[in-house]
Amino acid sequence: MNITQYANSIFHSITPKQLSAFLSRKGWQRVKHPNAKILVFEGESLMIGQVASVVFPSSASFSDYFARLNDTLRLLSKHFNMSLSEVIENIAHCDHSIITDNYINGFSGNMCEILTDIYDSAENREINHSIVWASDLTPPGHLENPTVQMTEKSYEVLKIASADLQTVNEPDEEKTVIGRITQLKSKVPPIKADEFAVTRIIVISWEVEKQTPINIHIKLPLEQYRWACDAHKNGHKIKVTGKPEKHGKLWHLLEHHGFKIISADKNIDRR
């Protein structure tokens, strides 16, 4: 079935930025790639312990953009068990720019996060916010209706805006991270599982000079993850160099190298 048979105009309005925002909202992470002409995202696969990924052009001006977009939407349709029209609707009609482009006079990233937390605590029920003005105040013209509805679509838009407003783009320079492991995350035991099919993450309490420690997430290959498990068990610190980036509330260390375990009396070099 050709996508243009039911959603031609909407389909051709989808931009790489909208598709990226949709994937981020679904919990997928962008993976850095040396080819600037493509965007790569990874998410949790429906197969336990595996990683799903999609690749699409970084600009709608490329000649093959809509052909590749078509392929990507079909993959996402199967992955999320949604029809193609539902996927397109979710991508195209959750425009958060009305919030992110006006954050100086409107909602901050923290306010967006608070509202989404309220919606989550209400177990996704529709919420009505009422504004009561003092009798001696005249409400602004755009707030003549004192009741504001928060629906599932409002929640989706706020979720995207929250992540976008709270993303910090750090200088593209390396930092050396030193600290103890606070979390180990792996869906399967690190025994003989396929290294490329499983995401293994450690969280280190990064000891930043004269600042509150930062919890930073680091993806590790199988062997280094095993060493990290031993270090955590023995209370040893980790030392690793990479590029820290913040997405939403979470810090990640990208392109890392020089992984070392630091014991009380010596460095245990693991490369």
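## The whole protein

Accessible areas here come from the Shrake-Rupley method with a 1.4 Å probe, and for residues only the protein chains shown count as cover. By that method the protein has about 16,400 Å² of accessible surface, and 51% of it belongs to carbon and sulfur atoms. What you're looking at is a predicted model, where local features need pLDDT of at least 70, side-chain atom pairs count only at pLDDT 80 or more, and totals for chains, interfaces and linings use all residues. Residues are numbered from 1 along each chain as its sequence is written, and side-chain values use heavy atoms, with hydrogens and water left out.

Now for the parts list: the protein has 8 helices and 11 strands. Both kinds of element are DSSP runs numbered from the N terminus, with helices being H or I of at least four residues and strands being E of at least two. Of the 271 residues, 36% are buried. "Buried" means under 20% relative accessible area, "exposed" means over 50%, and "partly exposed" is in between (1.4 Å probe, protein chains only). A contact means heavy atoms within 4.5 Å. Among contacts with a separation of 6 or more, 57% join residues 24 or more positions apart.

## Strands side by side

Let's start with β1 (residues 29–31) and β2 (residues 38–44), which pair in the antiparallel sense over 3 bridges. To count as a pair, two strands need at least two bridges found by DSSP. β1 and β2 make a hairpin, with 6 residues between them, and Gln29 sits opposite Glu42 in β2.

β2 also has β3 (residues 51–57) as a partner, again in the antiparallel sense, this time over 7 bridges. Here Ile38 stands opposite Pro57 in β3.

## Helix α3 and what follows

After α3 comes Asn81, in the loop between α3 and α4 (84–92). Asn81 is exposed, because its relative accessible area is 72%. Its phi is near 55 degrees, a positive value in a residue other than glycine. Most residues other than glycine have a negative phi.

Glu255 isn't a glycine either, yet it has a positive phi of about 50 degrees. This residue is found in strand β10 (residues 250–262), and it counts as partly exposed because its relative accessible area is 44%.

## A patch outside, an alanine inside

On the surface, Phe107, Met111, Ile114 and Ile118 form a nonpolar patch, with about 330 Å² of accessible area together. Patches are made of residues with over 30% relative accessible area and no salt bridge; like charges are joined within 9 Å, and nonpolar side chains (Val, Leu, Ile, Met, Phe, Trp, Tyr) within 5 Å. A salt bridge, in turn, is a side-chain nitrogen of Lys or Arg within 4 Å of a carboxyl oxygen of Asp or Glu. Ile114 belongs to helix α6 (residues 109–121) and is partly exposed, at 45% relative accessibility.

Ala161 and Glu113 are 48 residues apart in sequence and 8.7 Å apart in space, C-alpha to C-alpha.
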